[in-house]
Amino acid sequence: MGTTAPNERKARHSGPTSADDLSNGHEHWSRVLSAAAPRDHIVQLYQDQEFLNRAVCRFAAAALANGEGVILVPTIAHWDAFRPRLEGEGVDVKAAQSRGQLTIVDADDLLPSFMRDAMPDSPVFLGLAADVITQVRGDGKYPKVRWWGEMVNVLWERGEVAASMNLEDLFDQLSDQHGIAIFCSFLIDNFNGDVHARMLPRLGENHSHLIPVEDYARLERAVSDALRETVGPDESRLLESRLLSSYPGTFHMPRSQALLLALRQILPQVADSVLQRSRSIYHASA
């Protein structure tokens with residue numbers, strides 16, 4: 001099977017979302033997940049369990065409706081939350097599992113099977129994951145396969161950051177080698193300054209799309225207002241244009257998120273003030 005180099009794949013998707021995509025924030029992230037293509041590697045940041053439920057079920061339900069194979073690797077608690085929502089969207093979960101289109105693997109069971117000395121063992125993980133993908137594809141009935149899982153988040157929540165990022169790199173390899181769409185979710189506050197300074201640049205190395213919040217339009221308004229309040233209306237207009245034109249971007253993401261990341265990289269002295277004001281406005285306008 002031919003593969004696409006990670007840098008080439010990300011180059012096709014990187015950069016901020018166009019203004020046309022900001023009119024309906026829910027529609028946009030939903031469309032990203034519904035239309036996930038082979039070798040896409042999507043990352044979601046969430047704090048709201050309901051946002052996680054909606055996103056994962058949109059990703060899975062769209063794939064099942066399209067005749068694609070789906071692999072979900074949740075914790076038991078999250079699968080118990082996903083299943084009724086999938087069924088509420090018209091998915092016959094038991095039937096999908098019976099025909100081999102939907103495979104559920106317990107994250108807490110799979111994760112220890114390839115960890116060695118507190119780090120993922122690359123050959124073991126890639127071999128186990130390849131076996132699962134091959135089983136879903138079977139005799140070619142489901143050639144297109146999607147994978148969502150939270151093993152990287154389990155490691156992240158334990159504080160095992162290096163192991164979590166190493167596993168994300170391995171998922172990127174898996175996506176390229178087997179031509180599958182991968183979606184992962186992190187329990188992370190997108191308005192945290194350390195996340196912008198350290199975590200998001202690292203995630204940009206191995207993801208094609210970033211879903212930073214649920215409501216893109218509300219984020220756009222919050223960031224615009226926060227920047228204007230921080231530097232003044234005239235300076236904010238000039239600054240937006242300058243920041244977005246000079247920031248290369250590492251994911252496909254909302255324009256407002258690209259603006260925040262560009263500010264962190266280019267004008268770090270004002271980034272925290274804008275980010276914290278954005279947080280206040282975003283949550284106050286819910």
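Asp121 touches Phe114 and Arg116, leaving aside residues up to four places away in sequence; contact here means heavy atoms within 4.5 Å. The model is predicted, so local features need pLDDT of at least 70 and side-chain atom pairs count only at pLDDT 80 or more, while totals for chains, interfaces and linings use all residues. Residues are numbered from 1 along each chain as its sequence is written, and side-chain values use heavy atoms, with hydrogens and water left out.

Asp121 lies in the loop between strand E6 (119–120) and helix H7 (122–137). Helices (H or I, at least four residues) and strands (E, at least two) are DSSP runs, numbered from the N terminus. With a relative accessible area of 23%, Asp121 is partly exposed. Buried means under 20% relative accessible area, exposed means over 50%, and partly exposed is in between (1.4 Å probe, protein chains only). The C-alpha atoms of Asp121 and Ala95 are 34 Å apart, and these residues are 26 residues apart along the chain.

Phe114 belongs to helix H6 (residues 107–114), where Ala107, Leu110, Leu111 and Phe114 are buried. These residues cover an arc of only 100 degrees around the axis, so they sit on the same side of H6. The arc is taken from the directions from the helix axis to the C-beta atoms. An α-helix has 3.6 residues a turn, so residues three or four places apart point the same way. The buried residues of H6 pack against several elements, including strand E3 (69–73), helix H8 (151–157) and helix H9 (161–178). At the start of H6, a side-chain oxygen of Asp106 comes within 2.9 Å of the backbone nitrogen of Asp108.

**The nonpolar core**

The largest nonpolar core has 92 residues, and Phe125, Trp147, Met151, Leu167, Leu174 and Phe186 touch the most other members. Helix H3 (residues 49–65) gives the most to this core, with 10 residues. A nonpolar core is a set of buried Ala, Val, Leu, Ile, Met, Phe, Trp, Tyr and Cys residues joined through side-chain atoms within 4.5 Å. The contacts of Phe125, not counting residues up to four places away in sequence, are Phe114, Met151, Leu167, Leu170, Phe171 and Leu174.

**Strand E7**

Trp147 lies in strand E7 (residues 145–149), and both faces of E7 are covered. Val145, Trp147 and Gly149 are buried on one side, and Arg146 and Trp148 are buried on the other. In a regular strand the side chains alternate between the two faces of the sheet.

**Cysteines**

A search of the whole structure finds 0 disulfides; a disulfide is a pair of cysteine sulfur atoms within 2.5 Å. The closest cysteine sulfur to that of Cys57 is in Cys184, 17 Å away, which is too far for a bond. Cys57 is buried, at a relative accessible area of 1%, and Cys184 is buried at 3%.

**Glu240**

Glu240 is in helix H12 (residues 233–246) and counts as buried at 12% relative accessibility. The side chain of Glu240 makes a polar contact with the side chain of Arg255 (2.5 Å). A polar contact is a pair of N or O atoms within 3.5 Å; within protein, one must be able to donate a hydrogen and the other to accept it, and residues adjacent in sequence count only if both atoms are side-chain atoms.
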